[in-house]
Amino acid sequence: MSFSKERPFLLVGAGKMGGAMLSGWVADGIDTSALMVCDPHLSGPMAALLKQYGIRHVAAVPDDLSAGIVLVAVKPQMMDDVLPALKSAVAPDTLVLSIAAGTPVAKFESVFGTVPVCRCMPNTPAMVKRGVTAVYPTAAVSEESKNDVTRLLSAIGKVVWLDSEDQIDLVTGVSGSGPAYVFYLAEALSEAGRQAGLPGDLADELAIATVYGAGELMHRSGEHPSVLRKNVTSPNGTTAAALEVLMGGDGLQPIMTEAVAAAVRRARELAG
């Protein structure tokens, strides 16, 4: 790994996503003496985690710090304040990672110069180590650094590499925002159960367990979703009757296509 106690891995922002990533690294056995967290407003559980593992914490970046890796995990609207404060810690060979939506590589290069930068788009299942993170590397990122990034991000789930920065917005519309679509599917399935006559608590329990179980089955089987769908659809059966509605001309696919397109448009608007 391209960081050490002397040139630490600096995590800037230990909120929900940054904190989930840090928890994943700790569970994965990362050298905690080589970590440093910069966040002026730690939550109680995060402060306890840092104390438990002896991870260094600072409210502001020390003037004499030279980091091996910097991961920027703050909200996009904070970038104009945060990035200049990190400039002294970023050497020409420092690997800069960002998980901020809508913040292009050019923003980092305008502050740090042509250092190696990776834009990363994780999603919230990273909090339970079932996330997927898409990564776009600049030309300055070496193969060794790519391997480091893959090892680091694998602690919170699957890692995929992108060929162009434009794909980040597309990924945002599919996997970045995607967990919310699945949560809403569970809500809609539960509400349909209520309207069919089930008690509310039972409808919730059935919907949540069904979505969880189907996701786990996809994860473990390795089969394409269409194969799994066909496997549980008997001709002229109950599932076939439901799918005739869901897969009709006004069904789920055109709605999902429109929803993803809307998310992509908004991601591009935020990126300017």
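Which residue forms a salt bridge with Glu-143? In this predicted model, select Glu-143 together with Lys-146, and you will find the two joined in a salt bridge whose closest N and O atoms are 3.4 Å apart. Both residues lie in helix H5 (residues 143-153), where they stand three residues apart, about one turn of the helix. Glu-143 counts as exposed, at 53% relative accessibility, whereas Lys-146 is partly exposed, with a relative accessible area of 22%.

Next, select helix H11 (residues 252-271), where Glu-269 and Arg-266 are three residues apart and therefore separated by about one helical turn. These two residues form a salt bridge, with the closest N and O atoms 3.0 Å apart. Glu-269 counts as exposed at 53% relative accessibility, while Arg-266, at 47%, counts as partly exposed.

Now select Asp-80 and Lys-107, whose side chains meet in a salt bridge of 2.3 Å, taken from N to O. This pair links distant parts of the chain, with Asp-80 in helix H3 and Lys-107 in helix H4 (residues 105-112), 27 residues apart. Asp-80 counts as exposed at 53% relative accessibility, and Lys-107 counts as partly exposed at 27%. The structure holds 10 salt bridges, and the pair of Asp-80 and Lys-107 is one of them.

From there, turn to the second largest pocket, which holds about 800 Å³ of space. Of the 32 residues that line this pocket, Ala-73, Val-74, Lys-75, Pro-76 and Ile-99 are the closest to its centre, and selecting these five will bring you there. Helix H1 (16-27), helix H3 (79-86) and helix H6 (167-176) each supply at least two residues of the lining. If you colour the lining of the second largest pocket by class, it has 20 nonpolar, nine polar and three charged residues.

For the last stop, select Leu-198, Leu-202 and Leu-206, which make a nonpolar surface patch of about 230 Å². Where does Leu-198 have its place? Leu-198 is found in the loop between helix H7 (178-196) and helix H8 (200-221), and Leu-198 is partly exposed, with a relative accessible area of 36%.

Key: Residues are numbered from 1 along each chain as its sequence is written. This is a predicted model: local features need pLDDT of at least 70, side-chain atom pairs count only at pLDDT 80 or more; totals for chains, interfaces and linings use all residues. Side-chain values use heavy atoms; hydrogens and water are left out. Patches are made of residues with over 30% relative accessible area and no salt bridge: like charges are joined within 9 Å, nonpolar side chains (Val, Leu, Ile, Met, Phe, Trp, Tyr) within 5 Å. Accessible areas come from the Shrake-Rupley method with a 1.4 Å probe; for residues, only the protein chains shown count as cover. A salt bridge is a side-chain nitrogen of Lys or Arg within 4 Å of a carboxyl oxygen of Asp or Glu. Helices (H or I, at least four residues) and strands (E, at least two) are DSSP runs, numbered from the N terminus. Buried means under 20% relative accessible area, exposed over 50%, partly exposed in between (1.4 Å probe, protein chains only). On a 1 Å grid over the protein atoms alone, a cavity is a set of points where a 1.4 Å probe fits but cannot get out, and a pocket is an open set with protein on both sides within 12 Å along at least five of seven lines; lining residues have an atom within 4 Å of a point. Grid points are joined across faces, edges and corners, and a volume is the space filled by probe spheres set on the points. Ala, Val, Leu, Ile, Met, Phe, Trp, Tyr, Cys and Pro count as nonpolar, Asp, Glu, Lys and Arg as charged, and the others, Gly among them, as polar.
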